[in-house]
Structure formats: structure tokens, C-alpha cells
Amino acid sequence: MKYWRETIAVAARILTELLRRKRSLIFWSIFPVSVLILSGFILAERAKLSLNVAFEYTAPSTLAGAALFFSCLGGSVATVVAEREQKTLKRLFISPLSGTSYFLGIFLAHSCIGIGQTLLVYTIASFWGATFKGSLFLGFTIILMCIVAYVGLGFILGTQLARRIEDVNALVAAFGVPLLILGGAFLPSSLFPKTLINIAQFNPIYHMNEALVAVSAKGDELDKIGSHFWFLVVFAVMMVLGGWLSYWRMLIVERRL
């Protein structure tokens with residue numbers, strides 16, 4: 001219960017601070033909505049699809065490939081770097097708060113943001129008649145794995161590569177934008193040449209996108225998306241372990257400073 005209370009308290013503090021500033025939450029709302037609407041109308045026009053079908057395909061791609069990437073990965077990197085700059089970690093060492101609760105609290109805060117974006121994207125898509133065709137449980141599991149993987153990777157990047165808040169944008173842009181394009185976030189992977197498809201097999205965003213599109217727009221079950229799903233399981237576990245080890249390494253370094 002001690003860890004649970006502390007985790008809730010850390011998550012509530014981060015979310016409260018974001019609500020007070022508002023700008024990040026507003027931008028994380030505007031970005032996926034604008035990408036969703038633009039992609040939906042472009043796909044409907046170029047592929048000669050009805051609007052409801054077009055938005056059924058663009059909603060999962062927008063969510064997994066764009067919305068969660070910037071809020072959960074970019075947001076967690078920014079949170080870790082800002083906490084270091086504000087000396088929050090120094091105060092952690094002289095407080096009864098455990099490092100584990102602090103780690104889980106950041107995870108929980110960005111998970112809440114990711115779930116909020118999920119509701120926003122699918123609510124907007126439903127205005128044009130889009131529906132979620134597959135298993136809600138399987139779809140939620142995929143979304144949760146995306147969030148976990150992004151936040152874990154955010155801990156790795158935020159603790160190992162970013163030293164100042166100014167580094168965040170450059171870091172996310174350098175690693176993120178090529179992976180987003182190759183993952184099918186802005187262009188359907190069906191348009192990729194064979195060479196890029198082969199390269200995309202090593203891109204986790206590609207597997208996130210393909211798995212969620214298959215479940216959401218096509219109604220596929222686990223047996224049809226097995227390769228994408230299990231890739232995500234392994235990747236999410238690796239990112240959580242990597243993020244955990246990177247976090248504790250950062251705490252050791254901070255104690256010495």
C-alpha cells in the first residue's frame with residue numbers, strides 16, 4: 001500500500017503540474033486531432049474510400065504512430081530531464097519517497113495521458129462514422145504495450161542522452177521522425193517499396209501500427225497479428241527493463257554530484 005500511495009501521489013503531482021501549465025496538454029490534443037483529420041480526408045480522396053472507412057484506418061495509425069509517440073516518449077523524456085534540472089531527484093534522496101514509487105508514478109502519469117489521447121482520437125473519428133471493429137480487450141492491450149514501450153524508451157533516452165531540456169526536441173526529432181515515417185504513421189505501409197518493408201520489420205512503430213490497424217479497422221484476432229503482437233511484447237519488456245536500469249543508474253550518478 002505504501003508504494004501504491006506514493007505512486008499515485010507522484011502521478012497526481014505530474015498531472016497537476018501539466019494541468020496548471022496547460023500548453024503541453026493542449027498541444028498533445030491538437031497534434032493528433034489535426035493529423036487524424038488531414039490523414040483521413042487525404043486517404044478518403046486518394047484511395048477512393050468512404051470517410052468512415054478512411055477514418056477507421058487513420059485513427060489507429062494516428063494514435064500509435066503519432067499521438068502516443070510524442071506524449072509518452074517525448075513527454076517522459078521531458079519529465080525526466082526537467083526533474084533533474086529542477087533538482088527534484090536531490091530532494092527525493094532526503095524524503096521518505098522510494099525510488100520505485102517515483103519511477104512507477106511517472107509511468108502512471110503518462111499512461112493516463114495516453115489513455116486520454118486514445119479516447120480523444122477515437123471520439124473524433126467516430127464523428128465521421130468510424131468504429132472499432134475488433135476485440136476491445138486486444139486493442140486496449142496493444143495500446144497499453146505502446147504506452148509502456150514509449151515511456152520505457154523515454155526513460156532510457158532521458159537519463160542517458162538528454163542533459164538539458166533543450167536537448168529533448170532535437171533528440172525526439174532525430175530518433176523519432178524517420179521511425180514514424182517508416183512505421184506508417186503518416187503514409188500507409190502498403191505504399192512502401194519492398195526494401196522499406198524489409199527495413200520496417202525492425203521498427204517497433206511499424207509493428208504497433210500494423211497490429212492496431214489490423215484489430216481496429218479489420219477486426220483481426222490475435223492469431224492473425226501474432227508476429228506483430230509478440231514483437232511488441234518483447235520490445236515493451238525490454239524497454240521497461242532498460243528504462244528501470246537507466247533510471248537507477250541515473251540515481252547513482254545524482255547521488256555522487
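Mentor: Happy to. Ile8 is found in helix α1, which covers residues 2–21; helices (H or I, at least four residues) and strands (E, at least two) are DSSP runs, numbered from the N terminus. This is a predicted model, in which local features need pLDDT of at least 70 and side-chain atom pairs count only at pLDDT 80 or more, while totals for chains, interfaces and linings use all residues. Residues are numbered from 1 along each chain as its sequence is written, and side-chain values use heavy atoms, with hydrogens and water left out.

With a relative accessibility of 35%, Ile8 counts as partly exposed. That label sits between buried, under 20% relative accessible area, and exposed, over 50% (1.4 Å probe, protein chains only).

Now let us step back to the whole chain. The secondary structure of the protein comes to ten helices and zero strands, so its pattern along the sequence reads α-α-α-α-α-α-α-α-α-α. Of its 257 residues, 50% are buried.

Another helix pair can be described in more detail. Two packed helices are described by the angle between their axes and the distance between the axes. For α6 and α9 (residues 204–218), the axes come within 9 Å and cross at roughly 165°; axes are lines fitted to C-alpha atoms, for helices over the stretch in contact, and angles run from 0 to 180 degrees between N-to-C directions. The two are therefore roughly antiparallel to each other, on a scale where under 35 degrees counts as roughly parallel, over 145 as roughly antiparallel, 65 to 115 as roughly perpendicular and the rest as oblique. Within α9 you will find Leu212, buried with a relative accessible area of 0%. Its C-alpha atom is 9.9 Å from that of Cys146, which is 66 residues away along the chain.

Next come the charges. Side chains of opposite charge can pair when their charged atoms come close. A salt bridge here is a side-chain nitrogen of Lys or Arg within 4 Å of a carboxyl oxygen of Asp or Glu, and the count comes to two. In one, the side chains of Glu56 and Lys133 meet at 2.6 Å, N to O. Glu56 lies in helix α3 (residues 51–85) and Lys133 in the loop between α5 (99–126) and α6 (136–160), so this pair ties together parts 77 residues apart in sequence. Glu56 is buried at 4% relative accessibility, whereas Lys133 is partly exposed at 44%.

Glu45 and Lys48 form a salt bridge too, with the closest N and O atoms 3.9 Å apart, and both residues are exposed. Lys48 is found in the loop between α2 (23–46) and α3, where its relative accessible area is 67%. Most residues other than glycine have a negative phi; phi of Lys48, however, is near 55°, a positive value.

One last stop is on the surface. Val177, Ile181, Phe186, Leu187 and Leu191 form a nonpolar patch with about 440 Å² of accessible area together. Patches are made of residues with over 30% relative accessible area and no salt bridge, like charges being joined within 9 Å and nonpolar side chains (Val, Leu, Ile, Met, Phe, Trp, Tyr) within 5 Å; the areas come from the Shrake-Rupley method with a 1.4 Å probe, and for residues only the protein chains shown count as cover. Leu191 sits in the loop between α7 (166–182) and α8 (194–200) and is exposed, at 61%.
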